[in-house]
Amino acid sequence: MENLSGKVAFITGGASGIGLGFARSLARRGVKLALADRDESGVQAAARALSGSGAEALAITCDVADAASVQHAADQTIDRFGKVHVVMNNAGVALSGSSGSIPLTDWRWIVDINLMGVVHGVEIFVPLIERHGEGGYIINTASMAGHWASSFMAPYTATKFAVVGYSECLAQELAPRGIGVSALCPGWVKTKIAESGRHLPSSVDGPQSDAAGPIHELINNGLSPDVVGEVVIQAMAEKRMHIFTHDDMRPVIDLRRDALQNDFGRAADAVREAEARLSETLSGTE
Ligand SMILES: NC(=O)c1ccc[n+]([C@@H]2O[C@H](COP(=O)([O-])OP(=O)(O)OC[C@H]3O[C@@H](n4cnc5c(N)ncnc54)[C@H](O)[C@@H]3O)[C@@H](O)[C@H]2O)c1
């Protein structure tokens with residue numbers, strides 16, 4: 001999607017960080033904005049600031065974990081702007097912990113936001129984009145954690161791998177229907193993600209890993225969300241499936257590719273050896 005002026009974008013997690021950075025990039029190109037976030041005062045302040053700089057911005061209080069709440073946000077967006085072209089399913093939280101002692105309520109909390117929040121956005125907005133026939137674009141915010149597994153980050157990593165796989169399916173399905181899809185996979189970005197505990201319901205224990213300290217530091221020294229916003233705009237124009245921002249993380253992609261190829265290289269021999277063992281065992285029992 002190249003000519004953005006006059007189009008409408010819906011962004012979840014639009015009150016802060018990457019969502020707000022992308023909103024600013026779109027505002028500079030004349031895009032009308034619906035910002036959806038569960039942080040009511042934060043999303044209102046973000047929309048006020050964007051309106052103050054000349055954009056048309058609507059603040060919507062929305063919990064992406066709740067399909068009815070996302071549907072209500074979509075209704076409010078259509079009531080105000082008539083249509084939606086760009087959807088960024090971006091709201092997310094971080095949860096770390098040592099596997100074997102992560103409460104299932106914590107797991108469900110992060111899956112409902114990081115994965116089901118994206119699913120809700122896709123299922124609700126795809127028909128709305130198709131209805132106006134002008135085409136559209138969906139950006140699902142995953143992470144480098146959608147390509148790279150690290151210890152004590154299992155819940156976060158599992159949701160982000162899921163978002164990458166889901167987005168790859170969507171890209172194939174939706175291209176012939178006039179909707180581009182990308183998975184945004186940043187490394188460290190200077191946002192409030194390390195304070196995801198601010199969203200915890202009382203039933204959820206939340207982040208517990210010793211890794212939290214170093215991660216805070218990496219995030220505080222991370223890329224500006226405004227730079228990420230500009231990278232996303234360019235990637236949409238180039239219809240890039242995976243949007244990466246951290247070239248210095250290339251070794252983790254290479255390591256994973258090499259490990260996969262190594263394991264895959266054993267597949268044919270492993271099956272041949274298994275068949276030989278089985279036939280030897282079976283001939284011994286005849
Ligand atoms: N910051 C990083 O280093 C980094 C790296 C890779 C990926 N990401 C991803 O970027 C996305 C945005 O995070 P961020 O880094 O900008 O953090 P952030 O905390 O600054 O922003 C996240 C926003 O999502 C909102 N939110 C959280 N739960 C919600 C819910 N249930 N419903 C609606 N809104 C909700 C928050 O209120 C907040 O405004 C997340 O999906 C995150 O996993 C972040």
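Q: Which residue in S2 does Thr12 stand opposite?
A: Thr12 stands opposite Ala36 in S2. Strands here are DSSP runs of E with at least two residues, and helices are runs of H or I with at least four, numbered from the N terminus. This is a predicted model, in which local features need pLDDT of at least 70 and side-chain atom pairs count only at pLDDT 80 or more, while totals for chains, interfaces and linings use all residues. Residues are numbered from 1 along each chain as its sequence is written.

Q: How many bridges join S1 to S2, and do they run parallel or antiparallel?
A: Strands pair if DSSP finds at least two bridges between them. Here 5 bridges join S1 to S2, and the two run parallel.

Q: Which way do the residues of S1 point?
A: In a regular strand the side chains alternate between the two faces of the sheet. In S1, Val8, Phe10 and Thr12 point one way, and Ala9 and Ile11 the other way. A residue is buried if 20 or more other C-beta atoms, placed from the backbone, lie within 10 Å of its own, exposed if 12 or fewer, and partly exposed in between. By that count, 5 of the 5 residues of S1 are buried.

Q: Which residues are buried in H3?
A: An α-helix has 3.6 residues a turn, so residues three or four places apart point the same way. In H3, Val70, Ala73, Ala74 and Thr77 are buried. Seen down the axis of H3, these buried residues fall within an arc of 100°, so they line one face of the helix; the arc is that of the directions from the helix axis to the C-beta atoms. On the other side of H3, Ala68 and Asp79 are exposed.

Q: What do the buried residues of H3 pack against?
A: Contact means that two C-beta atoms, placed from the backbone, lie within 7 Å. The buried residues of H3 pack against strands S1, S2 and S3 and helix H4.

Q: Where does Phe152 lie?
A: Phe152 lies in the loop between strand S5 and helix H5. Its phi is near 70°, a positive value in a residue other than glycine. Phe152 is partly exposed, with 19 other C-beta atoms within 10 Å.

Q: How many residues surround the ligand?
A: A residue is near a molecule if its C-beta atom, placed from the backbone, lies within 6 Å of it. Here 31 residues surround the ligand, and Gly13, Ser16, Gly17, Gly92 and Thr191 are the closest. Helix H1 gives the largest share of this shell, 3 residues.
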